[in-house]
Amino acid sequence: MIRAGRKQGPYRPRTEETLDAGKLELGEDFQDAECLLISEVKVLLEAQYESKKEEKNLTDVYTKTLEYVQKFSRYTNRGTIKEVRALLKPTNLEPFECAQLGNLCCTEYDEIKSLVPSIGDKISDDDLDSLLKQMDSLKKYQG
């Protein structure tokens with residue numbers, strides 16, 4: 001049977017993919033994707049803002065995304081963002097989990113473990129608590 005718009009080959013019904021971020025089942029599209037902190041997205045969008053503004057190339061999506069990242073960005077300068085990334089790098093956490101740690105800014109290890117259950121036992125409670133305290137300190141004292 002040949003379906004319209006398909007090249008030759010048997011028809012295979014599309015299976016519904018079950019996704020669960022809590023188990024790091026993010027789907028094919030995100031298999032090898034790098035996950036950014038909201039603060040990193042803010043830096044990228046703000047770097048493009050002036051040229052887009054001059055060219056009158058500011059789309060509604062761009063503008064709303066910029067407003068969102070400006071509102072929810074936890075780290076306000078590039079130096080702090082680099083320090084947060086440096087703290088997260090040596091952990092054995094997946095990129096998605098690192099991004100969640102950086103974006104959620106939890107102060108208690110049990111809170112982050114409940115919000116990002118895939119962390120599980122990948123990092124000890126003491127190490128996670130220390131990491132969260134260091135990140136909180138960076139957020140509080142950024143220049």
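Predicted model: local features only at pLDDT ≥ 70, side-chain atom pairs only at ≥ 80, totals over all residues.
Local features were taken at pLDDT of at least 70 and side-chain atom pairs at pLDDT 80 or more, whereas totals for chains, interfaces and linings use all residues. Residues are numbered from 1 along each chain as its sequence is written, and side-chain values use heavy atoms, with hydrogens and water left out.

The protein contains six helices and zero strands, in the order α-α-α-α-α-α along the sequence. Helices (H or I, at least four residues) and strands (E, at least two) are DSSP runs, numbered from the N terminus. Of the 143 residues, 31% are buried; here buried means under 20% relative accessible area, exposed over 50%, and partly exposed in between (1.4 Å probe, protein chains only). The exposed surface comes to about 10,300 Å², of which carbon and sulfur atoms supply 49%. These areas come from the Shrake-Rupley method with a 1.4 Å probe. Among contacts (heavy atoms within 4.5 Å) between residues at least 6 apart in sequence, 61% join residues at least 24 apart.

Helix H1 (residues 38–54) and helix H3 (residues 78–88) have axes that come within 10 Å and cross at roughly 145°. The axes are lines fitted to C-alpha atoms over the stretch in contact, with angles running from 0 to 180 degrees between N-to-C directions. At this contact, Ser39, Glu40, Val43 and Ala47 of H1 meet Arg78, Ile81 and Arg85 of H3. By class, the contact of H1 with H3 has three nonpolar, one polar and three charged residues. In this classification Ala, Val, Leu, Ile, Met, Phe, Trp, Tyr, Cys and Pro count as nonpolar, Asp, Glu, Lys and Arg as charged, and the others, Gly among them, as polar.

Seven salt bridges were counted, each defined as a side-chain nitrogen of Lys or Arg within 4 Å of a carboxyl oxygen of Asp or Glu. One of them joins Arg85 and Glu40 (2.9 Å, N to O). Arg85 lies in helix H3 and Glu40 in helix H1, so this pair ties together parts that are 45 residues apart in sequence. Glu40 is buried, at 15% relative accessibility.

Asp129 pairs with Lys133, the closest N and O atoms being 3.1 Å apart; both residues lie in H6 (residues 125–140), four residues apart, about one turn of the helix. Asp129 is buried at 19% relative accessible area, whereas Lys133 is exposed at 51%. Asp136 and Lys140 form a salt bridge at 3.2 Å, N to O, and are likewise four residues apart in H6. Asp136 is buried at 17% relative accessibility, and Lys140 is exposed at 58%.
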